[in-house]
Amino acid sequence: MKFCSECATPVEFKIPAGDHLPRHICPACETIFYSNPRIIAGCLPIWEDKVLLCRRNIEPRFGYWTLPAGFMENGETTEQAAMRETWEEAEADVEVISLYTHTSIVHVNQLQLFYLAKLRAPSFAPTSESSEVALFSESEIPWDELAFPTVTNALKLFFKERAEGGKFGFHRIDLDRNNPENNRSVTQTESQF
Ligand code: ZN
């Protein structure tokens with residue numbers, strides 16, 4: 001950012017007193033502008049033995065297949081965001097079952113959440129954001145045409161756990177391209193301590 005959104009003075013970029021990271025600061029009105037990670041919420045929608053994918057009609061990754069997901073809005077819960085995005089991208093009405101993957105993507109400053117969800121009916125349609133929307137069985141998944149690693153991860157975990165009997169865990173995943181030694185994937189079932 002270049003100018004203060006409160007008073008239009010050119011901002012400075014420096015560490016505020018008592019802080020540890022540089023921020024955009026207005027030297028006139030002293031407003032500090034914080035930049036924090038963004039939250040993306042979506043669903044892994046299931047109908048019988050198939051999952052619903054959307055072909056992206058928007059950049060980035062135009063033409064690649066994805067799970068319906070998008071930026072959380074002010075005034076909603078993560079679950080509401082996931083359901084809303086599923087409707088906006090696929091006109092699909094879902095019942096959320098459980099939080100499935102929680103992925104910190106450090107190099108792009110994002111937290112991505114995917115919920116396991118059931119379609120209430122096999123009803124869906126293309127939208128302005130999705131050129132095609134379709135149900136895929138495991139053998140039909142276009143693995144080489146998936147849009148994002150988080151989508152590939154969630155689908156792989158889902159089909160693996162389904163094959164192992166259908167007990168679905170909660171997966172905490174960290175991805176950091178700049179510090180790959182920090183990458184991890186932890187499956188949580190029940191905690192006791
Ligand atoms: Zn200002």
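Start by selecting Tyr100: with a relative accessible area of 0%, Tyr100 is buried. Here buried means under 20% relative accessible area, exposed means over 50%, and partly exposed is in between (1.4 Å probe, protein chains only). A quick note before you click on: this is a predicted model, so local features need pLDDT of at least 70 and side-chain atom pairs count only at pLDDT 80 or more, while totals for chains, interfaces and linings use all residues. Residues are numbered from 1 along each chain as its sequence is written, and side-chain values use heavy atoms, with hydrogens and water left out.

**Stop 1: the rings**

Keep Tyr100 on screen and look for ring pairs. Rings of Phe, Tyr and Trp (its six-membered ring) pair if their centres lie within 6.5 Å; planes under 30 degrees apart count as stacked, over 60 as edge-to-face and the rest as tilted. The whole structure has five aromatic pairs. One of them joins Tyr100 to Phe168, edge-to-face, at 6.1 Å centre to centre with 75° between the planes. Tyr100 sits in strand β8 (residues 94-105) and Phe168 in the loop between α2 and β11, 68 residues apart. Those names come from DSSP runs: helices are H or I with at least four residues, strands are E with at least two, and both are numbered from the N terminus.

Is Phe168 buried or partly exposed? At 31% relative accessibility, Phe168 counts as partly exposed. Phe158 is at 2% relative accessibility and counts as buried. Select Trp143 and Phe159 too, and you have the cluster that ring pairs make with Tyr100, Phe158 and Phe168.

**Stop 2: a residue in α2**

Next, click Ala154, in helix α2. Ala154 is buried, with a relative accessible area of 0%. What is Ala154 in contact with, leaving aside its neighbours within four places in sequence? The list is Leu44, Leu67, Tyr100, Thr101 and Phe114, where contact means heavy atoms within 4.5 Å.

**Stop 3: the cores**

A nonpolar core is a set of buried Ala, Val, Leu, Ile, Met, Phe, Trp, Tyr and Cys residues joined through side-chain atoms within 4.5 Å. In soluble globular proteins, nonpolar side chains tend to be buried together. The largest core here has 22 residues, and the members touching the most others are Leu44, Val51, Leu53, Leu67, Ile141, Leu155 and Phe158. Colour β4 (38-47), β5 (50-56), β9 (110-119), α2 (149-163) and β11 (170-175): each gives this core at least two residues. The largest share, six residues, comes from α2. There is also a second, separate core of 15 residues, including Cys43 and Leu52.

**Stop 4: strand β4**

Now show β4 by itself. Seven of its ten residues are buried, so β4 is largely enclosed by the rest of the structure. Which strand pairs with β4 in the parallel sense? That is β9, over nine bridges, and two strands pair if DSSP finds at least two bridges between them. Find Cys43, and you'll see Tyr115 of β9 opposite. β4 also runs antiparallel to β7 (residues 69-71), with three bridges; there, Ala41 has Gly70 as its bridge partner. β4 and β5 are antiparallel as well, joined by two bridges. In their hairpin, which has two residues between the strands, Glu48 takes a positive phi near 55°.

**Stop 5: charges**

A salt bridge is a side-chain nitrogen of Lys or Arg within 4 Å of a carboxyl oxygen of Asp or Glu, and the structure holds eleven. Select Arg55 and Glu145, whose side chains meet at 3.5 Å, N to O. Arg55 is in strand β5 and Glu145 in the loop between β10 (130-136) and α2, 90 residues apart.

Then jump to Glu76 and Arg84, with their closest N and O atoms 2.7 Å apart. Both are buried. Arg84 also forms a salt bridge with Glu88, at 3.2 Å.
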